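Reader: I have a model open and want to learn how to read its packing. Please take me through it feature by feature.

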Amino acid sequence: MRMSHDDDPTLLRRVAEGDRGAFETLYRRFYPRVSGYVFRVCRRSELVEEVVGDVMLTLWRSAARFDGRSRVSTWVFGIAYRKTLKALDRHRRRHESLDEAPEPA
């Protein structure tokens with residue numbers, strides 16, 4: 001039986017209680033949309049899996065913090081946006097430090 005999107009708050013509440021099956025359902029439900037969103041924001045395919053993994057880990061660890069004032073998808077995409085910006089900043093700093101590295105003698 002496939003759950004409707006109306007069940008997202010219920011699933012998230014179950015995730016907060018440690019229900020791995022509920023997490024797996026949310027993961028499968030959100031993975032395609034979050035990965036596409038992250039790619040559209042950062043345009044760096046090499047960062048997508050890292051960011052999506054961070055988003056899903058945050059979802060698992062922070063499910064109890066969801067307060068229900070928005071849709072679950074809004075909350076998840078807010079996390080995705082912040083994680084994407086952080087990943088872009090790390091990527092930029094990493095490449096700037098490589099550009100500034102002295103040439104080998």
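Reader: Which residues have the most contacts inside the largest nonpolar core?

Author: First, the general idea. In soluble globular proteins, nonpolar side chains tend to be buried together. A nonpolar core here is a set of buried Ala, Val, Leu, Ile, Met, Phe, Trp, Tyr and Cys residues joined through side-chain atoms within 4.5 Å. Buried means under 20% relative accessible area, exposed over 50%, and partly exposed in between, with a 1.4 Å probe and protein chains only. In this structure, the largest nonpolar core has 26 residues. Those with the most contacts inside it are Leu12, Phe30, Val34, Val38, Leu59 and Val76.

Reader: What kind of model is this, and how are residues numbered?

Author: This is a predicted model, with residues numbered from 1 along each chain as its sequence is written. Local features need pLDDT of at least 70 and side-chain atom pairs count only at pLDDT 80 or more, while totals for chains, interfaces and linings use all residues; side-chain values use heavy atoms, leaving out hydrogens and water.

Reader: How many helices and strands does the chain have?

Author: Helices (H or I, at least four residues) and strands (E, at least two) are DSSP runs, numbered from the N terminus. This chain has four helices and zero strands. Along the sequence, the pattern reads α-α-α-α. Buried residues make up 32% of the 105 residues.

Reader: How do I read the packing of two helices? At what angle do the axes of H1 and H2 cross?

Author: Two packed helices are described by the angle between their axes and the distance between the axes. Axes are lines fitted to C-alpha atoms, for helices over the stretch in contact, and angles run from 0 to 180 degrees between N-to-C directions. Here, helix H1 (residues 8-16) and helix H2 (residues 20-42) have axes that come within 8 Å and cross at roughly 130 degrees. That makes H1 oblique to H2. On this scale, under 35 degrees counts as roughly parallel, over 145 as roughly antiparallel, 65 to 115 as roughly perpendicular and the rest as oblique.

Reader: Which residues make that contact?

Author: H1 supplies Asp8, Leu11, Leu12, Arg14 and Val15. H2 supplies Ala22, Phe23, Thr25, Leu26, Arg29 and Phe30. By class, the contact of H1 with H2 has seven nonpolar, one polar and three charged residues. Ala, Val, Leu, Ile, Met, Phe, Trp, Tyr, Cys and Pro count as nonpolar, Asp, Glu, Lys and Arg as charged, and the others, Gly among them, as polar.

Reader: Next pair. How far apart are the axes of H2 and H3?

Author: The axes are 9 Å apart, and the helices pack at an angle of about 145 degrees. The H2 residues in this contact include Tyr31, Val34, Ser35 and Val38. Among those they meet in H3 are Val48, Val52 and Leu59. The contact of H2 with H3 divides into 17 nonpolar, two polar and two charged residues.

Reader: Now the end of H2. What does Cys42 touch?

Author: Cys42 lies in helix H2. At 8% relative accessibility, Cys42 counts as buried. Not counting residues up to four places away in sequence, Cys42 touches Leu47, Thr84 and Leu88. Cys42 and Ala87 are 45 residues apart in sequence, yet 8.8 Å apart in space, C-alpha to C-alpha.

Reader: Where does Arg43 lie?

Author: Arg43 is in the loop between H2 and H3. At 56% relative accessibility, Arg43 counts as exposed. Check its backbone too. Phi of Arg43 is near 55 degrees, a positive value in a residue other than glycine.

Note on methods: Contact = heavy atoms within 4.5 Å.
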